[in-house]
Amino acid sequence: MDTITALFYVFATVLLFAALRVITARSTVHAVLFLVLAFFSASCIWMLLSAEFLAITLVLVYVGAVMVLFLFVVMMLDINADSFRQGFWQHLPLAGLVGAVIALEMALVLMRGFQLQAPEPSARALEMGNTKLLGIEIYTQYLYPLQLAAVLLLVAIIAAIALTLRGRKDSRHMNPSEQVRVKRADRVRLVKMAPTVELPSAPDPGGAAK
């Protein structure tokens, strides 16, 4: 057994343990942290498979953005996970059966993929690296599917904002068009006032008595 194979078994074991703890941890914060550990382990496996782009993307997108957001939301909301775990052991046999079927299907697909003869990489591919080759393929051969996916994501973001946006009567907002059309007279008004006259000082009562 070489070093790469040993590291693969180590990271795979950590990944399976972290994934199991995600669904069995009593604390929601601990579950999120175990999910971060699972993502890191999967990223290390991608690195062992010489897929540096996927590994870095997994760390930057999921660990650096999504999971940090999840962690802040979970810690701020202080969700009571006990109510969600009611009936966990009751549904465990069915969940285990579904998980076993999914694992069996993935094993069949992967075994068929392993039996196929992989093409030998050319000298140009070995020289350029998989990250540069992936970028060339995405922005040449798969440019239109990439643009279509970007448009679909943009439509989904706009739809999510439109569905969740609710106007409130007590909220204050500014109209940019009115701010652009504003004039000096609308902001400052000069008012002419008569000069003030000082009042005479009151006489001293003690001096008048003398």
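Leaving aside its neighbours within four places in sequence, serine 41 touches Phe11, Val14 and Leu15, where contact means heavy atoms within 4.5 Å. The structure is a predicted model, in which local features need pLDDT of at least 70 and side-chain atom pairs count only at pLDDT 80 or more, while totals for chains, interfaces and linings use all residues. Residues are numbered from 1 along each chain as its sequence is written, and side-chain values use heavy atoms, with hydrogens and water left out.

**The chain as a whole**

The chain holds 10 helices and 0 strands, so that, read from the N terminus, its elements run α-α-α-α-α-α-α-α-α-α. Here helices (H or I, at least four residues) and strands (E, at least two) are DSSP runs, numbered from the N terminus. Of the 210 residues in the chain, 10% are buried, a term that means under 20% relative accessible area, whereas exposed means over 50% and partly exposed lies in between (1.4 Å probe, protein chains only). Among the contacts between residues at least 6 apart in sequence, 58% join residues at least 24 apart.

**Helix α2 and its serines**

Helix α2 (28-48) has 21 residues and reaches 31 Å from its first C-alpha to its last, close to the 30 Å expected at 1.5 Å a residue; the expected span is 1.5 Å times one less than the number of residues. The buried residues of α2 are Ala31, Val32, Phe34, Val36, Ala38, Phe39, Ser41, Ala42, Ser43 and Ile45, and what covers them includes α1 (3-24) and α3.

Two of these buried residues are serines. Serine 41 lies in α2 and is buried because its relative accessible area is 4%. Serine 43 is also found in α2, and it counts as buried because its relative accessibility is 7%. Leaving aside neighbours within four places in sequence, serine 43 is in contact with Ala55, Leu58 and Val59.

Helix α3 covers residues 52-77, and its 26 residues should span 38 Å at 1.5 Å a residue, which agrees with the 36 Å between its end C-alpha atoms. Met67 is itself buried, as are Ala55, Leu58, Val63 and Val74 of α3, and the buried residues of α3 pack against α2.

Two packed helices are described by the angle between their axes and the distance between the axes. For α2 and α3 the angle is about 175 degrees and the axes are 9 Å apart; axes are lines fitted to C-alpha atoms, for helices over the stretch in contact, and angles run from 0 to 180 degrees between N-to-C directions. The two helices are therefore roughly antiparallel to each other, since angles over 145 degrees count as roughly antiparallel, under 35 as roughly parallel, 65 to 115 as roughly perpendicular and the rest as oblique. Among the residues that make the contact are Val32, Phe39, Ser43 and Trp46 of α2 and Glu52, Leu58, Tyr62 and Met67 of α3. By class, the contact has 20 nonpolar, 2 polar and 1 charged residues, where Ala, Val, Leu, Ile, Met, Phe, Trp, Tyr, Cys and Pro count as nonpolar, Asp, Glu, Lys and Arg as charged, and the others, Gly among them, as polar.

**Partly exposed residues**

| Residue | Relative accessible area |
|---|---|
| Serine 50 | 45% |
| Threonine 57 | 30% |
| Threonine 5 | 29% |

Serine 50 sits in the loop between α2 and α3. Most residues other than glycine have a negative phi, but serine 50, although it is not a glycine, has a positive phi of about 65 degrees.

Threonine 5 belongs to helix α1, and 8.9 Å separates its C-alpha atom from that of leucine 48, which is 43 residues away along the chain.
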